[in-house]
Amino acid sequence: MADSTDMQPSPSRARRGSLFEVSRPLAPVGSSIMSFACEPHQEDHRQQKVLYENTYHLEPTTRFHPEHVKPIIQDVLESSLQGMRYDPITCNITCRAVAQEIKQKVKQLNYERYRIVVVTNIGQKRDQDVRIGSRCVWDSTRDNFASFSFENAHLFATGTVYAVYYE
């Protein structure tokens, strides 16, 4: 039976430090709470991809009109969030539900060959400013967006619908 001292690596064979190894404990930074409206491991439903035949149409038959979509966003945000108090868990679920409802109602407008993307944000009002921005690579002649912001005494919300022409 081998002695336990024989199991120790020799100094020349000792483990070397790693570049990614943390030698000191990390201190917690900040005290913010953040909830993500979309967690990748939940509700991963795969839908059948719609395949379009090439029609050689470079222009949409009906263009996306933000003035038709903005009242939909306004109606859904106001009906869902009127009188609601901010709670991170509840707002996480509500944010997803509001985005789905807006997307379904916009798809009923039958904008053919447009990919509809809905982004909603809900946050707590705590006497501070918030700026929400987005960047997209798109064709400014065909693609467009509509947006609406909502506030009550306890929370703020924004809903943005992007319509990207799908050639």
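Visitor: Let me start with one residue. Lys105: what does its 29% relative accessibility count as?

Guide: Lys105 counts as partly exposed, at 29% relative accessibility. The cut-offs are under 20% for buried and over 50% for exposed, so a value in between is partly exposed. Keep in mind that this is a predicted model.

Visitor: Which residue forms a salt bridge with Lys105?

Guide: Asp75 does, with the closest N and O atoms 3.8 Å apart. The pair joins distant parts of the chain: Asp75 is in helix H1 and Lys105 in helix H2 (residues 88-107), 30 residues apart. Asp75 is partly exposed, at 41% relative accessible area.

Visitor: What is the distance cut-off for a salt bridge?

Guide: The side-chain nitrogen of Lys or Arg must be within 4 Å of a carboxyl oxygen of Asp or Glu. The Asp75 to Lys105 distance of 3.8 Å is read against that limit.

Visitor: How many salt bridges does the count come to?

Guide: Six. Take another of them, between Lys125 and Glu151, where the closest N and O atoms are 3.1 Å apart. Lys125 sits in the loop between strand S1 (114-124) and S2, while Glu151 is in strand S2, so this pair ties together parts 26 residues apart in sequence.

Visitor: Lys125 and Glu151: what does each count as by relative accessibility?

Guide: Lys125 is partly exposed at 35%. Glu151 is exposed at 56%. Salt bridges can also share partners: Glu59, Arg63, Asp139 and Arg142 are joined into one network that way.

Visitor: How far apart are N and O in the salt bridge of Arg63 and Glu59?

Guide: 2.6 Å, side chain to side chain. Arg63 is partly exposed, with 36% relative accessible area. Glu59 is partly exposed too, at 38%.

Visitor: Thr61 next. Is Thr61 buried or exposed?

Guide: Exposed, because its relative accessible area is 61%. Thr61 is placed in the segment before helix H1 (66-81). Thr61 and Arg113 are 52 residues apart along the chain, and their C-alpha atoms are separated by 8.9 Å.

Visitor: Now Asn152. Where does Asn152 lie?

Guide: In the loop between strand S2 (144-151) and strand S3 (155-165).

Visitor: Which backbone oxygen does the side chain of Asn152 reach?

Guide: The backbone oxygen of Met84, at 3.1 Å. Set aside neighbours within four places in sequence, and Asn152 is in contact with Leu81, Gly83, Met84 and Lys125. Lys125 is also the salt-bridge partner of Glu151.

Visitor: On to cysteines. How many disulfides does a search of the whole structure find?

Guide: First the idea. A disulfide is a covalent bond between the sulfur atoms of two cysteines. Here the search finds zero. Cys95 shows how to read that: the nearest cysteine sulfur, that of Cys91, is 8.2 Å away. The cut-off is 2.5 Å between sulfur atoms.

Visitor: Cys95 and Cys136: what does each count as by relative accessibility?

Guide: Cys95 is buried at 6%. Cys136 is partly exposed at 42%.

Visitor: Last topic, aromatic rings. How many aromatic pairs does the search find?

Guide: Seven. In the pair Phe64 and Tyr111, the ring centres are 5.1 Å apart and the planes are at 55°, so the pair is tilted. Phe64 is in the segment before H1 and Tyr111 in the loop between H2 and S1, so parts 47 residues apart in sequence are tied together. Both residues, Phe64 and Tyr111, are buried. Phe64 also forms a tilted pair with Tyr114, at 6.4 Å centre to centre and 45° between the planes. Tyr114 is in strand S1 and Phe64 in the segment before H1, so this pair ties together parts 50 residues apart.

Visitor: Which numbers should I read for any such pair?

Guide: Two: the distance of the centres and the angle of the planes. Phe64 is buried at 5%. Tyr114 is buried at 9%.

Visitor: Which residues do ring pairs link into a cluster?

Guide: Phe64, Tyr111, Tyr114 and Tyr165.

Visitor: And which ring does the charged end of Arg115 sit over?

Guide: The ring of Tyr166, at 4.7 Å from its centre.

Terms used: Residues numbered from 1 in each chain as written. Predicted model: local features only at pLDDT ≥ 70, side-chain atom pairs only at ≥ 80, totals over all residues. Heavy atoms only, no water. Helix = DSSP H or I, 4+ residues; strand = E, 2+ residues; numbered from the N terminus. Polar contact = N/O pair within 3.5 Å; in protein donor to acceptor, adjacent residues only side chain to side chain. Contact = heavy atoms within 4.5 Å. Buried < 20%, exposed > 50% of the residue type's maximum accessible area, 1.4 Å probe, protein only. Phe/Tyr/Trp six-rings, centres within 6.5 Å; stacked < 30°, edge-to-face > 60°. Lys NZ or Arg CZ within 6 Å of the ring centre and 35° of its normal.
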